Amino acid sequence: MSELDRLRHAMRETERPDTVLDLAAVMREGRRLRTRRRVAGAGAATLATGLAAVVVVVAVGAPGPGDPVPAEQPPPVAVAPPSVGVSPWAGQSLEPTPLPTMARDEPPPKPMGQIVDTGVRHGTDRRVYYFVPVSVPGEPKVTIGLAAGRQAPDGALTTDFLVNDVMGSDRRAGFHQIGYDEGTGAAAPVPTFGYFVGPANRIIGTVDGRQVDARVARWSADKQVVIFWFDPARLTPGERLDGIIARDGDGRLL
Amino acid sequence: MARGDAEFVEFARAASARLVHAAYLMTGDHHQAEDAAQTALVRTYASWSRIQDDDAYGYARRTLVNHLIDGWRRPMREYPSADVPEQRRGDVADEVATRRWLITILGALNPRERAIVVLRYYFDLPEAQVARELAVSVGTVKSTSSRALEKLRGVTHRTADEEARR
């Protein structure tokens, strides 16, 4: 028997057919999750300052308590399904919510500036990033959020989720939030992405001691804003970075 | 119970063992495996009306694997001799030995290799589908798979050598 045959055999042989899970608990939690999705889908894009829970709630990729912290910690940022208005319910959700179905009934936010085509394809759709307007009560310097979406051949946009600051200035120099795919089995996983404000020519992430160069594109509406994303073939969507740096055209660390 | 719920229960009962075992193969930890499978089923149930007529098992499997990928950098922690299930088949000693061998060799793989090995050789998915589910290229699946098998051979030979020396 070859090693591969032995491996296959061992994987099957050690299965426990009598495994029993608590299906009542599964269904109870599933109902709660379904309710949260409806609530989130009904409107929760602009998030109030200090709603730390919201970051976790609708966050598709905001680091959780047990997640590795990126070497350069970004400022507090909200990650939300795209829609309009402030949800009075947003703070009631307590765990990450998958997004693929959340925003389908919402009108897509209107992109600001040019849409960035990543070259990544999901069937006939193209993975794109674009800024959309957001408003955060009491934070007049937060006006934009970066959305990850898909563009169909007819130009129609489906927004998967967006990240935006919840305090300070969305044009503060440096990194802002990094968006990670939550990994819920969506048909179109979102490559890790974010934006940097400053004269960056290269964005380099580190994961497991390996350096991965991000692809970068300057935002058409503000050339100081550099949108970046990691090729999913080089950095698996959802895999947390251990660190990230930016370098200018002369290779200087920013 | 609503018809959809009854169908979900039937589905979950049929799928649980494989989901839990796949999670165990990826983590080496029974408790973490059960938690992961439970999480995958919660999310599957939450989306049941949309997926029940499609590929519900595929959805649950993708959800499970992607959920575990979040913990990819965690090491394998459990050793099988500490937790042997009630035996209904085969020889206990054989199964313990098999389980120990399995965990030893899977523990030698990095998390990405483990995920690919489980999808390829436990779920028997074709390379293209593994690539889609992990959002990597087919080339990455091939090269990672090949590297993983190379490691398995290495571990197997080392284990055999050690046993021969005893």
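## The loop at B:Asp124

B:Asp124 sits in the loop that links helix H6 (111–122) and helix H7 (127–134) of chain B. In this predicted model, B:Asp124 has a positive phi of about 60°, although it is not a glycine. B:Asp124 counts as exposed because 9 other C-beta atoms lie within 10 Å, and the cut-off for an exposed residue is 12 or fewer.

## Helix H4 of chain B

Helix H4 of chain B covers residues 56–69, which is 14 residues. At 1.5 Å a residue the helix should span 20 Å, and its end C-alpha atoms are 20 Å apart, so the two values agree.

H4(B) is largely enclosed by the rest of the structure, because 12 of its 14 residues are buried. Among the buried residues are the run from B:Tyr59 through B:Ala60, B:Arg61, B:Arg62, B:Thr63 and B:Leu64. B:Ala56 and B:Ile69 are also buried.

## Nonpolar cores

The largest nonpolar core has 51 residues, and the members that touch the most other members are B:Leu19, B:Ala23, B:Ala37 and B:Leu64. The most residues in this core, 10, come from helix H1 (residues 3–27) of chain B. B:Leu64 also belongs to the buried part of H4(B).

Leaving out residues up to four places away in sequence, B:Ala37 touches B:Ser16, B:Leu19, B:Val20, B:Ala23 and B:Leu64, together with A:Leu21 from the other chain. A second, separate core holds 40 residues, including A:Val197, A:Ala200, A:Ile203 and A:Val225.

## Contact between the chains

The contact between chains A and B involves 34 residues from chain A and 45 residues from chain B. On the side of chain A that touches chain B, helix H1 (3–13) and helix H2 (23–41) of chain A are the elements that give two or more residues. H2(A) supplies the largest share of that side, eight residues. By class, that side of chain A has 15 nonpolar, nine polar and 10 charged residues.

## Chain A overall

Chain A contains three helices and 12 strands. Of its 254 residues, 46% are buried. Among contacts in chain A with a separation of 6 or more, 65% join residues 24 or more positions apart.

## The three-stranded sheet of chain A

Three strands of chain A make an open sheet in the order S9-S8-S12, with antiparallel pairing. Strand S9 (210–213) and strand S12 (243–247) are at the edges, each with a single partner strand, so one side of each has no neighbour in the sheet. From one strand to the next, the twist averages 25°.

Four bridges pair strand S8 (residues 202–207) with S9(A) in the antiparallel sense. One of the residues involved is A:Thr206, whose bridge partner in S9(A) is A:Gln211.

## Strands around S11 of chain A

Strand S11 (residues 222–229) of chain A runs antiparallel to strand S7 (residues 193–197) of chain A, and five bridges join them. A:Phe193 has A:Trp229 in S11(A) as its bridge partner.

S11(A) is also joined by five bridges to strand S10 (residues 215–219) of chain A, again in the antiparallel sense. S10(A) and S11(A) form a hairpin, with two residues between them. Within this pairing, A:Val216 stands opposite A:Phe228.

Definitions and conventions. Residues numbered from 1 in each chain as written. Chains lettered and ligands numbered in written order. Predicted model: local features only at pLDDT ≥ 70, side-chain atom pairs only at ≥ 80, totals over all residues. Expected span 1.5 Å × (residues − 1). Buried ≥ 20, exposed ≤ 12 C-beta atoms within 10 Å, placed from the backbone. Contact = placed C-beta atoms within 7 Å. Nonpolar A, V, L, I, M, F, W, Y, C, P; charged D, E, K, R; others polar. Core = buried A, V, L, I, M, F, W, Y, C linked by C-beta atoms within 7 Å. Pairing = 2+ DSSP bridges. Axes fitted to C-alpha atoms, helices over the stretch in contact; angles between N-to-C directions.
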